[in-house]
Amino acid sequence: MSPSPEAIAAAAILVVVIAAYALFGGADFGGGIWDLLAGGPRRGAAPRELIDESITPVWEANHVWLVFVLVLLWTAFPPAFAAIFTALFVPLSLSLLGIVLRGTGFAFRHTAQQLRTQQLSGAAFAASSLITPFFMGTVIGAVATGQVPVHPAGSVLAAWTSPTAILTGFLFVAACAYISAVFLVLEARQRGHQDLVRYFSARATAAGLLTGALAGGTFTVLSGSAPHVFAGLTGIALPLVAVSIAAGVAVLGMLWLRWYHAMFLRATAAIAVATVVWGWGLAQYPYLFPTSLSLAAGSAPTASLAAEFFVVGLAVLLVAPGFALLYVMQQRRMLKAAETDADLRTAAHLGQALPARPAAAPAAPAPARTGMTTALVLAVLAIRAIRDAWRRR
Amino acid sequence: MGAVAHVLAVDPVPARSQMGSSLGFHIILACFGIAFAAVTMTAEWIGIRRGDAAALLLARRWSKVMAVLVAVGAVSGTVLSYEMGLLWPGLMGRFGAAIGFPFSVEGIFFFLEAIFVAVYLYGWRRLSAWAHWWSGVPIVVAGLLGALSVVAANSWMNSPAGYTLSHGKITRVDPVSVFFNASTPYETAHMVLAAYLVTGFLVASVYAVGLLRGRRDRYHRLGFAVPFTIAGIAAPLQVMMGDIIARFIAHQQPVKFAAMEYIARTGDNIPEWLGGILINGKVYFGASIPSFDSILVGFSPHTRVIGWDSVPLDRRPPLTTLIHLSFDLMVGLGFFLFALAAWQGWWWWFHRRLLVTPWFLVPSALSGVAAVAAMEAGWIVTEVGRQPWIVYRVMLVSAAATPAGGVPVTLGVILALYAILTVVSIGVPIIMSRRWRRGTPAEEEAEQVPYGPSPAGASPPEAP
């Protein structure tokens, strides 16, 4: 039985949404990874601040892609959803743990004043950025290798601990770090931090090479563990794989040549990641679980799928302009964490300020106490100058 | 679904506990997601319109608290989405095609909310006063419609409709009937009003404590009056809604209603029990008003009300005493909050001043906790009252629960995590408020003098 056009369309939408989450959510996870690797409080202050500034206003909206993946999956392909969440109970629970810790760290980090609590919540944020993509990768690996039973009697350990699944987990982590580093290069450039442009450019190159190597490794093991997907990737999905490789090489070239074109670099890196996801989706066709659950057998009745198309249409109408607004405002740097009086004071007592926030400098002066504000602004600027001078040495 | 055979043997109690605790936690944050933007924007509107620095400062500070609560709420909401699969694969595998639709619609509003919350929270600086205010409007609308969609999914479990089953597999779905099932209208109205009550009274009770401690400046008066007024308007509506809803429940979910009201046997002249513990079919320590339950249901003592004897023993909800006492607690607290609102309204009507005697402020300081308790009690009634069904009269909870063995572990982890999240969502605002108070002793005095209107919104009064 061949799948209905509606089922194919729903699967295509699902793959597109997964790719969107991989890009937007993945970039935020990658930010957490670079935060983790940024080193001690002093050395890591500048990159951490950049990561923080570029993620804070948008991470929640980016996170909603995941919720959308879940609702699409359970509405359009209920048996697949039930089977995945039963068989892969453990890695899914662990990825959820990461999500909770990350959000908590985020909520708390901006309020924590003391170095210790700040480090603790920062560590929760950063470590969970490793956990979540890794275990999500193992889930995808388990599905691709067809290790998820259609009617699982319980959680299946072997499904997500196969070499392919573990390798996919590492691939996800590397890909998050890669896409994030590329985006951060542009963020740094836009803010005029030349040293951070170099910093993230080097990291983007390294992460890109690592991602490429891991992708190659995963591809190789897939030939044995997931013959159907492997055949798809070397057959019907081969053009997408080729585009991904070409885009990946092009990004490395642009980084090497220091041609940091905001749109081209961003788009090429995004294409490199998205085409892999699309290629995987295409290679699975016509199966939800190769080769035990077909699209035709696992999809919801046509009316449910039609309702999903309605929802997706509504989302395109309502959410897309919203996202455009959000990203334009973020790119024009119109979204600033509203600096509290406390933030300013923290910056002034340098001792406690870990990621000091020089962004506070152009604070809108309060009409009442301009003098005090000016003094504080000057103090913050002075501190920044001293710190910059110190860093240059 | 061959899995059903395996699944029937599963003990659903850990899964039920985990879902209950997750939902019980998330729902408080969801209330803030639905209603806090409206409260904050009211203060902002007063601030911009009247050039009131104190109101603007309140709005800015509330928006910072909102940032924390929305972050925690986004996370705990995701936990719930995961749990639909982690805990109830039997439900989602069979009925996902139906119940999934309202969840998908909710996804859109979650998106919109997240986007505009970001614009609102981080746009204070660079947007003009009114542009900033308008950026909050989509949050309020998305909050209402998001509540409608999620509650529609829950209502569907109480009044399943809009699908055709054959051989255990859904073959046809009517999304509109799924979304607008028999319970959707009243459950949604009840929940949205509850959200405004919880948010309004919780925020107001913080400032009631401040007023009690002698901080009687304009900042604290406004901080109390704005949320209290909003909750005070919602309170009488909620009492009215509650009365209407009870009659709907009596007709649509009679066994739940029987547990709520201690109705063992179907009949007329049913008494209304206030309080009381059910032991071996007898009610102890309760007061009963003869025939009053029949009167409430059908406006006549001769109204026939269905008792739990209408279904076999294993189809009756467990923990009848808990359901009944939760119901009584909810109703009692609802009237308490209504009385508080009426008292303040009375005083305002005749004196045009805010009532700030300790006699009024002490119960007001407790009103937030009372509102939360009432809402949680209401959820216990509707959720425990539906047991042993996950989809009323269609699917048992035990048939929906996961056969995966890890639930007791995740239950423990979830409880620990929620302890942390609770500390964060209560602790962070406390730390913030301490810092605000310590940092700017002169500020509160300055706020008592409203300075000129105009650019106050864009360049906020928040001085270092």
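How many bridges join strand S1 (residues 163-166) of chain B to strand S2 (residues 169-173) of chain B? In this predicted model, where local features need pLDDT of at least 70, side-chain atom pairs count only at pLDDT 80 or more, and totals for chains, interfaces and linings use all residues, the number is four, and the two strands run antiparallel. Residues are numbered from 1 along each chain as its sequence is written, with chains lettered from A and ligands numbered from 1 in the order in which they are written. Strands (E, at least two residues) and helices (H or I, at least four) are DSSP runs numbered from the N terminus, and two strands pair if DSSP finds at least two bridges between them. B:Ser166 has B:Lys169 of S2(B) as its bridge partner. The hairpin formed by S1(B) and S2(B) has two residues between the strands, and B:His167 in the turn has a positive phi of about 55°.

In chain A, the axes of helix H1 (residues 5-36) and helix H2 (residues 45-55) come within 9 Å and cross at roughly 165°. Axes are lines fitted to C-alpha atoms, for helices over the stretch in contact, and angles run from 0 to 180 degrees between N-to-C directions. Contact (C-beta atoms, placed from the backbone, within 7 Å) involves A:Asp28, A:Gly31, A:Trp34 and A:Asp35 of H1(A), together with A:Pro47, A:Arg48, A:Ile51 and A:Ile55 of H2(A).

Between the chains, the contact takes 72 residues from chain A and 76 residues from chain B. H14(A) gives the most to the side of chain A that touches chain B, with 14 residues.

Note on methods:
Two residues are in contact if their C-beta atoms, placed from the backbone, lie within 7 Å.
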